[in-house]
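Colleague: I have a new chain open and would like to go through it with you. Can we start with the words and then look at some residues?

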Amino acid sequence: MLQSPKFLQSSAPPPAPPSPIPQLQVVPTCSSFPSIKQCCKFSRRELTIGSNSLILALLASQSLEALLPSKAQAENLVDDDTNRTEQEAQTSNATAATCTDRSPTKRAFLDISIDGEPVGRIIIGLHEDDAPVGAARFGSLVSGAAGTSYRRKEFVKIMPNYVQHGGVRSFGVDAELAKKTGTNLEVDNLTEEWERLNEKCAGIKNKAGTVGIVVRDPSRPPPKMKLVARKGKLEIDQEEVGTAPNGTEFVITTKDSPELDASTLVVGTVLDGKEVVEKIGAVKTVQENTSSPYFRVAKLIGDKRAVVAERGFNRPYAKVVITNCGLMK
């Protein structure tokens, strides 16, 4: 056989065989429900839960879209709330202005002495338009038209924010004189007027320089039930603890006194003589001892000695008296 010439023979190594082409993993496509179940191996329970969850999600999204207001509706709601707030503010401001901007219809005076020494006169403007019942009661007791008056009666309590007058007694000579003129010293009508003004006027009623009649005692405990023997039989009766106000005690405030709003009906304002009220407030008083454990226990069990002792707290050592009083023309 003939040999091929050497120059025809190549010294290069033989070419390497081609590398195999990597085969891509074929993901099975699922075109129908049986093929999905076959290739993905979902159980019937899992498919049911998934389909129910999807339906619930779609229903929830539709419900939220139906409940949520549109942009225009949201703007209208905001505008309505703003208008309502402005109307309420205007109403409250108008009510506050009506309750504070009071013009006196009558004037009364109180001449005061401390331990027999005259200290001056207090002039009070009465608000008959706002508190007609209370102003009429105060005016009748100042002028003496009620058969009795505040003349020669004492101030019984001096507090940091107000001074309190003891009024007239609902028994004894004062009560008999009042009956002769047909005056009723009961507090019922005053309480109704106090409730009406409390609903009408917001904020502090007993501001500095106001005059008010004490119509109730919020700290007074309810009556106690007790057994009493009457005509050989035991009957249940109520024992009153303490004495209720009779609608003649009054206070004059030296500072704003919100603690009086629960008990006092404002009937007037101090027009002149505020320095006299300050002199009354500067009188030394009996020290309050409500923090004593003995007093608190006695008060808790209803000991009458605690009630008597409490009446003496904040009582002035000096004798502060109304020497003369009346209405001014």
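Modeller: One definition is needed at the start: exposed means over 50% relative accessible area, buried means under 20%, and partly exposed is in between. Keep in mind that this is a predicted model.

Colleague: Take Asp115, then. Is Asp115 buried or exposed?

Modeller: Asp115 counts as exposed, because its relative accessibility is 53%.

Colleague: Where does Asp115 lie?

Modeller: Asp115 is in the loop between β1 (106–114) and β2 (117–126).

Colleague: Which residues is Asp115 in contact with, leaving aside neighbours within four places in sequence?

Modeller: Those are Ala318 and Lys319. Asp115 and Ala318 are 203 residues apart along the chain, and their C-alpha atoms are separated by 5.8 Å.

Colleague: What about contacts over the whole chain, those with a separation of 6 or more?

Modeller: In the protein chain, 73% of those contacts are accounted for by residues 24 or more positions apart.

Colleague: And how many helices and strands are there?

Modeller: The chain has 9 helices and 10 strands. Of its 329 residues, 30% count as buried. The accessible surface is about 22,300 Å², and 56% of that belongs to carbon and sulfur atoms.

Colleague: Change of topic. How many salt bridges does the structure hold?

Modeller: There are 5 salt bridges. One of them joins the side chains of Glu128 and Lys106, at 3.5 Å from N to O. Glu128 is in the loop between β2 and α4 (132–143) and Lys106 is in strand β1, so this pair ties together parts 22 residues apart in sequence.

Colleague: What do Glu193 and Arg196 do?

Modeller: Their side chains meet in a salt bridge too, at 3.7 Å from N to O. The two residues are 3 apart in helix α6, so about one helical turn separates them. Glu193 counts as buried because its relative accessibility is 5%, while Arg196 is partly exposed at 38%.

Colleague: What else lies in helix α6?

Modeller: Glu195 does, and the helix covers residues 188–200. Glu195 is partly exposed, with 41% relative accessibility. Together with Asp188, Glu192 and Glu199, Glu195 forms a patch of negative charge on the surface.

Colleague: Which residues make the nonpolar surface patch?

Modeller: Leu227, Leu234 and Ile236 make that patch, which comes to about 370 Å². Leu234 is in strand β7 (residues 233–239) and counts as exposed at 66% relative accessibility.

Colleague: Back to charges. How far from Asp261 is the nearest side chain of opposite charge?

Modeller: That side chain is Lys205, 5.0 Å away. A salt bridge needs nitrogen and oxygen within 4 Å. Asp261 has no salt bridge, yet Asp261 is buried.

Colleague: Where is Asp261, and which residues is it in contact with?

Modeller: Asp261 is in the loop between β8 (250–253) and β9 (264–272). Leaving aside neighbours within four places in sequence, its contacts include Trp194, Asn198 and Lys205.

Colleague: Last one: which residue forms a salt bridge with Asp303?

Modeller: Arg305 does, and the closest N and O atoms are 2.8 Å apart. Asp303 counts as buried at 19% relative accessibility, whereas Arg305 is exposed, with a relative accessible area of 65%.

Note on methods. Residues are numbered from 1 along each chain as its sequence is written. This is a predicted model: local features need pLDDT of at least 70, side-chain atom pairs count only at pLDDT 80 or more; totals for chains, interfaces and linings use all residues. Side-chain values use heavy atoms; hydrogens and water are left out. Patches are made of residues with over 30% relative accessible area and no salt bridge: like charges are joined within 9 Å, nonpolar side chains (Val, Leu, Ile, Met, Phe, Trp, Tyr) within 5 Å. Accessible areas come from the Shrake-Rupley method with a 1.4 Å probe; for residues, only the protein chains shown count as cover. Lys and Arg count as positive and Asp and Glu as negative; His and the chain ends are not counted. The place of a charge is taken as NZ of Lys, CZ of Arg, CG of Asp or CD of Glu. Helices (H or I, at least four residues) and strands (E, at least two) are DSSP runs, numbered from the N terminus. Buried means under 20% relative accessible area, exposed over 50%, partly exposed in between (1.4 Å probe, protein chains only). Contact means heavy atoms within 4.5 Å.
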